[in-house]
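Me: I have a structure to go through and I am new to it. Could you take my questions one by one?

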Amino acid sequence: MFKKKLFKPFAASLLSFSLLAGSFTPALTTDSTQTAEAALPKTATKVTVNDVVDGDTIKVTYKGNAETVRMILIDTPETKHPDKCVQLYGPEATAYTKKYLLDKKKTVSIELGVQNRDKYGRILAYVYVNETMFNKLLLQNGLARIAVYPPNTQYLDELKNVEAKAKKDKVGIWSNKNAINGGCVPAKKPAPAPKPAPAPKPAPKPAAPKKESFKNCTELRKKYPDGVKKGHPAYDSKHDRDKDGYACEK
């Protein structure tokens with residue numbers, strides 16, 4: 001009797017536990033709900049950054065090959081689009097990317113998307129600086145906005161939350177209505193052309209020598225013993241009787 005009484009409660013408990021365990025199914029994590037925690041994914045591969053094209057595009061050496069990497073789920077304002085102006089906060093986004101990704105002291109890695117290349121042949125990836133997702137940093141600083149191109153939606157929910165906080169805090173793009181609408185960086189007004197230097201004033205003509213008048217050659221020779229040549233202030237044709245161009249010569 002003792003064994004029988006003891007077994008019934010134990011059997012009931014075991015049965016209840018079995019039923020609970022059988023009904024429990026762990027929730028599957030979808031791509032969009034994965035988190036971009038500060039831990040480098042096992043699938044990430046180290047790259048060498050050679051150049052920065054703009055805020056969301058970089059040139060790297062990946063597995064020994066020169067490649068262009070376009071960051072997934074974000075879009076920074078344009079700076080080099082052939083059909084668009086340089087947009088507000090585009091230069092700032094490019095400068096921010098250069099500051100972090102060209103720093104040789106930092107380790108840069110990429111995690112490929114489900115679709116790992118676009119129609120231009122660029123690698124589509126999440127970029128990591130040390131163990132921090134750089135795509136996320138751009139959103140945090142208001143230097144990018146969410147851009148969704150399925151099937152690359154991994155981390156989407158978390159990055160949407162990051163963007164929402166940047167909007168709420170009015171950071172970067174979200175601090176300027178014109179920037180939110182894709183406005184352009186104002187064109188720099190050309191510097192006014194320097195005014196031409198004033199033309200130098202012509203040198204004043206020397207004053208004509210004052211005409212001297214003498215009553216006769218006797219008076220003239222008192223001052224000019226040898227007479228005077230034509231053109232001299234004291235020359236007077238009436239004193240040049242032989243019309244040789246000299247007046248009152250001896």
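Me: Which residues does asparagine 178 touch, not counting residues up to four places away in sequence?

Reply: Asparagine 178 touches Leu88, Gly183 and Cys184 when residues up to four places away in sequence are left out, a contact being heavy atoms within 4.5 Å. This is a predicted model, in which local features need pLDDT of at least 70 and side-chain atom pairs count only at pLDDT 80 or more, while totals for chains, interfaces and linings use all residues. Residues are numbered from 1 along each chain as its sequence is written, and side-chain values use heavy atoms, with hydrogens and water left out.

Me: Where does asparagine 178 lie, and how far is its C-alpha atom from that of leucine 88?

Reply: Asparagine 178 lies in helix 5, residues 177-180; helices (H or I, at least four residues) and strands (E, at least two) are DSSP runs, numbered from the N terminus. The C-alpha atoms of asparagine 178 and leucine 88 are separated by 7.9 Å, with the two residues 90 apart along the chain.

Me: Is asparagine 178 buried, exposed or partly exposed?

Reply: Asparagine 178 counts as partly exposed because its relative accessibility is 40%; buried means under 20% relative accessible area, exposed over 50%, and partly exposed in between, using a 1.4 Å probe and protein chains only.

Me: Stepping back, what does the secondary structure of the chain come to?

Reply: The chain has 6 helices and 10 strands, and buried residues make up 35% of its 250 residues. Among contacts between residues at least 6 apart in sequence, 57% join residues at least 24 apart.

Me: How confident is the predictor, on average over the chain?

Reply: The average pLDDT is 85, and 85% of the residues score at least 70, where pLDDT is the predictor's confidence in each residue, from 0 to 100. Over residues 1-31 the pLDDT is below 50, and this stretch has 7 contacts in the model beyond near neighbours in sequence. Where pLDDT is low, the predicted coordinates should not be read in detail.

Me: What about the largest nonpolar core, and which residues have the most contacts inside it?

Reply: That core has 35 residues, and those with the most contacts inside it are Ile58, Leu101, Val127 and Phe134; a nonpolar core is a set of buried Ala, Val, Leu, Ile, Met, Phe, Trp, Tyr and Cys residues joined through side-chain atoms within 4.5 Å. Several elements each supply at least two residues of this core, including strand 1 (45-54), helix 2 (90-101) and helix 4 (156-169). Strand 6 gives the most to this core, with 7 residues. Apart from it lies another core, of 9 residues, among them Cys217, Leu220, Val228 and Cys248.

Me: And strand 3, how many of its residues are buried?

Reply: In strand 3 (residues 65-71), 5 of the 7 residues are buried, so this strand is largely enclosed by the rest of the structure.

Me: Which way do strand 2 and strand 3 run, parallel or antiparallel?

Reply: Strand 2 (residues 57-62) and strand 3 run antiparallel and are joined by 6 bridges, where two strands pair if DSSP finds at least two bridges between them. Tyrosine 62 has asparagine 65 of strand 3 as its bridge partner, and in the hairpin of these strands, with 2 residues between them, lysine 63 takes a positive phi near 55°. Strand 3 also runs parallel to strand 6, joined to it by 3 bridges, and arginine 70 stands opposite leucine 124 in strand 6.

Me: Where is aspartate 118, and why does it count as buried?

Reply: Aspartate 118 lies in the loop between strand 5 (108-117) and strand 6 (123-129), and it counts as buried because its relative accessibility is 17%. A polar atom of the aspartate 118 side chain lies 2.9 Å from the backbone nitrogen of tyrosine 120.

Methods:
Polar contact = N/O pair within 3.5 Å; in protein donor to acceptor, adjacent residues only side chain to side chain.
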